[in-house]
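Colleague: I am new to this model and would like to learn how to read it. Could you take me through a few features, one at a time?

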Amino acid sequence: MKNLIAGAILLLATQVSAQSRELPDLVTQPTPQAVIDEHLDALNVCDWDRLMAQYPADAEVHLDNGTVVVGREAIGDLFAGFCQLPEDGGLIGITFSTERSFLVGNTLNVQWVANAPFLAEPYRGSDAYVTRDGLMAAMVSTFRGSDLKMK
């Protein structure tokens, strides 16, 4: 089942990539907290341009099972798949809220809860957001879409 879901997400990301969205210019933020605030706000409204304005060329996103997404274009594909309607395999309408966070250097560690009208129950997880020069250099996430309990 997990392989089927992962395959569907990869297929969706590939289809969206084929549509070839142009990556926006980078927009720096003044503090690590501001980087994460911008990330979560952009994610909650599925604003792909604002999301991608945070990730430099060498950025990485680390996911479960050792999956690492490297580079702006690949991360753009990841978020393009995320920013689709639920009936199209995406998660538009999901909202991530910070429950607890703490800063270590330029890394903000965030425990969050996700809610959405299409979820049967809230979903909790944690991310470590590594910032550099006002941008998102890396993200390590416990998010696993296959663990969401849908209505």
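Modeller: Happy to! This is a predicted model, so local features need pLDDT of at least 70 and side-chain atom pairs count only at pLDDT 80 or more, while totals for chains, interfaces and linings use all residues. Residues are numbered from 1 along each chain as its sequence is written, and side-chain values use heavy atoms, with hydrogens and water left out.

Colleague: Let's start with cysteines. How many disulfides does a search of the whole structure find?

Modeller: A disulfide is a pair of cysteine sulfur atoms within 2.5 Å. Here the search finds zero. The sulfur of Cys46 has its closest cysteine sulfur in Cys83, but at 3.1 Å that is too far for a bond.

Colleague: Are these two cysteines buried or exposed?

Modeller: Buried means under 20% relative accessible area, exposed means over 50%, and partly exposed is in between (1.4 Å probe, protein chains only). Cys46 is buried because its relative accessible area is 16%, and Cys83 is buried with 12%.

Colleague: What should I look for in the backbone angles?

Modeller: Most residues other than glycine have a negative phi. Cys46 has a positive phi, near 50°. Its place is in the loop between helix 2 (32–44) and helix 3 (48–52). Helices (H or I, at least four residues) and strands (E, at least two) are DSSP runs, numbered from the N terminus. Asn65 also has a positive phi, near 60°, and is found in the loop between strand 1 (60–62) and strand 2 (68–70). Asn65 is exposed, with a relative accessible area of 69%.

Colleague: Which residues does His39 touch?

Modeller: Contact means heavy atoms within 4.5 Å. Not counting residues up to four places away in sequence, His39 touches Leu51, Gln54, Tyr55, Phe79, Tyr129, Met136 and Met139. His39 lies in helix 2 and is buried, at 1% relative accessible area.

Colleague: And how do I read the aromatic rings?

Modeller: A pair of aromatic rings is described by the distance of the centres and the angle of the planes. Rings of Phe, Tyr and Trp (its six-membered ring) pair if their centres lie within 6.5 Å; planes under 30 degrees apart count as stacked, over 60 as edge-to-face and the rest as tilted. By this rule the count comes to eight aromatic pairs. In one of them, Trp112 and Tyr123 have ring centres 5.7 Å apart and planes at 45°, so this pair is tilted. It links distant parts of the chain, with Trp112 in strand 4 (residues 107–115) and Tyr123 in strand 5 (residues 123–132), eleven residues apart. Trp112 is buried at 2% relative accessibility, and Tyr123 is buried at 11%.

Trp112 also forms a tilted pair with Phe143, 6.2 Å centre to centre and 45° between the planes. Phe143 is in the segment after strand 6 (135–141), 31 residues from Trp112. Ring pairs link Phe82, Phe96, Trp112, Tyr123 and Phe143 into a cluster.

Colleague: How many bridges join strand 4 to strand 5?

Modeller: Two strands pair if DSSP finds at least two bridges between them. Eight bridges join strand 4 to strand 5, and these strands run antiparallel. Val110 has Asp127 in strand 5 as its bridge partner. Strand 5 is joined to strand 6 by six bridges, again antiparallel, and Val130 has Ala138 in strand 6 as its partner.

Colleague: What lies between strand 5 and strand 6?

Modeller: These two strands form a hairpin with two residues between them, and Asp133 in the turn has a positive phi of about 55°.
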